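The sequence and structure are shown first.

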Amino acid sequence: MTARNAGSPSISKSEQAYTAIKAKILGGEFTPGYRLVLAALAADLGCSVVPVREAIRRLEAEDFVTFERNVGATVAGIDPTEYLYTMQTLSIVEGAATALSAPLITGSDIARARTINAQMRECLNNFDPVRFTALNQQFHSVLFENCPNPHILDLVHRGWNRLQALRSSTFSYVPGRASESVAEHEALLQILESGAPVEDIERAARAHRASTLDAYLARSAPEQQAHVPLTFSY
């Protein structure tokens with residue numbers, strides 16, 4: 001062990017395997033349907049099969065991986081129904097979390113969110129859906145992480161975890177939505193700065209999420225859109 005490694009915190013092999021495999025899924029190297037062969041992954045990662053199996057089970061619990069009979073572990077793809085339900089749910093809980101956070105959001109928070117949004121705008125020039133997705137999550141985290149209700153915040157995090165494996169593919173699938181998203185972010189920041197009523201903030205946050213779902217449905221299954229309510233009355 002080198003001196004450098006000796007001074008670093010210990011990370012379990014299972015955690016290392018989890019991080020490495022998840023990065024390849026999010027980065028697009030492991031595409032939907034890709035077979036995750038334990039022995040091959042273990043050889044690539046330089047470890048035994050045991051930590052890889054533990055990592056795969058963890059990724060399955062987070063909906064990044066599915067098990068198919070006679071096939072084994074494969075990278076999960078976009079399930080249109082699951083995506084629809086997750087986005088609808090997230091529009092509700094993230095909208096509520098953002099509204100509840102509003103009184104606690106500082107000028108510094110707004111400035112940080114605007115800086116992230118500027119980076120997202122720059123990303124549009126040479127579009128990288130993976131980087132855009134990461135910045136998008138950072139942006140929204142600034143707006144909802146001050147939510148004083150831990151149960152709502154937990155539901156938001158669960159929703160984002162379900163989407164993580166999908167969002168890269170979503171922005172690749174409807175890249176035009178990315179520029180619209182950046183514009184909507186700025187509008188949302190302006191609403192927060194104006195001290196608007198929490199109902200208006202919640203409505204704007206919900207509409208932003210619903211617009212992404214609209215774009216996906218319009219591209220993948222136009223016939224579904226007419227049968228799915230995307231907004232909710234108060």
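Predicted model: local features only at pLDDT ≥ 70, side-chain atom pairs only at ≥ 80, totals over all residues.

## Histidine 185

Histidine 185 has a relative accessible area of 0% and is therefore buried, the cut-off being under 20%. The residue belongs to helix α9, which spans residues 176–193.

The side chain of histidine 185 makes a polar contact of 3.2 Å with the side chain of histidine 140. When neighbours within four places in sequence are set aside, the contacts of histidine 185 are Asn117, Met120, Asn136, Phe139, His140 and His208.

## Aromatic pairs

A pair of aromatic rings is described by the distance of the centres and the angle of the planes. Three aromatic pairs are found in a search of the whole structure. One of them joins phenylalanine 30 and tyrosine 34; the ring centres are 4.4 Å apart and the planes lie at 10°, so this pair counts as stacked. Phenylalanine 30 is buried, at a relative accessible area of 5%, whereas tyrosine 34 is partly exposed, at 35%.

Another aromatic pair, formed by tyrosine 83 and tyrosine 216, is tilted, with 4.5 Å from centre to centre and 55° between the planes. Tyrosine 83 is in helix α5 (residues 80–101) and tyrosine 216 is in helix α10 (residues 198–220), so the pair ties together parts that are 133 residues apart in sequence. Both partners are buried: tyrosine 83 has a relative accessible area of 0%, and tyrosine 216 has one of 5%.

## A charge over a ring

A tyrosine ring also takes part in an arrangement with a charged side chain. The charged end of arginine 58 sits over the ring of tyrosine 18, at 3.5 Å from the ring centre.

In soluble globular proteins, nonpolar side chains tend to be buried together. The largest nonpolar core here has 21 residues, and the members that touch the most others are Phe132, Phe139, Leu143, Leu189 and Leu192. Two or more residues of this core come from each of α6 (107–123), α7 (129–144) and α9. Phe139, one of the members with the most core neighbours, is also among the contacts of histidine 185.

Leucine 192 is in contact with Ala102, Ile105, Ile110, Leu143 and Ile201, leaving aside neighbours within four places in sequence.

Conventions. Residues numbered from 1 in each chain as written. Heavy atoms only, no water. Helix = DSSP H or I, 4+ residues; strand = E, 2+ residues; numbered from the N terminus. Buried < 20%, exposed > 50% of the residue type's maximum accessible area, 1.4 Å probe, protein only. Polar contact = N/O pair within 3.5 Å; in protein donor to acceptor, adjacent residues only side chain to side chain. Contact = heavy atoms within 4.5 Å. Phe/Tyr/Trp six-rings, centres within 6.5 Å; stacked < 30°, edge-to-face > 60°. Lys NZ or Arg CZ within 6 Å of the ring centre and 35° of its normal. Core = buried A, V, L, I, M, F, W, Y, C linked by side-chain atoms within 4.5 Å.
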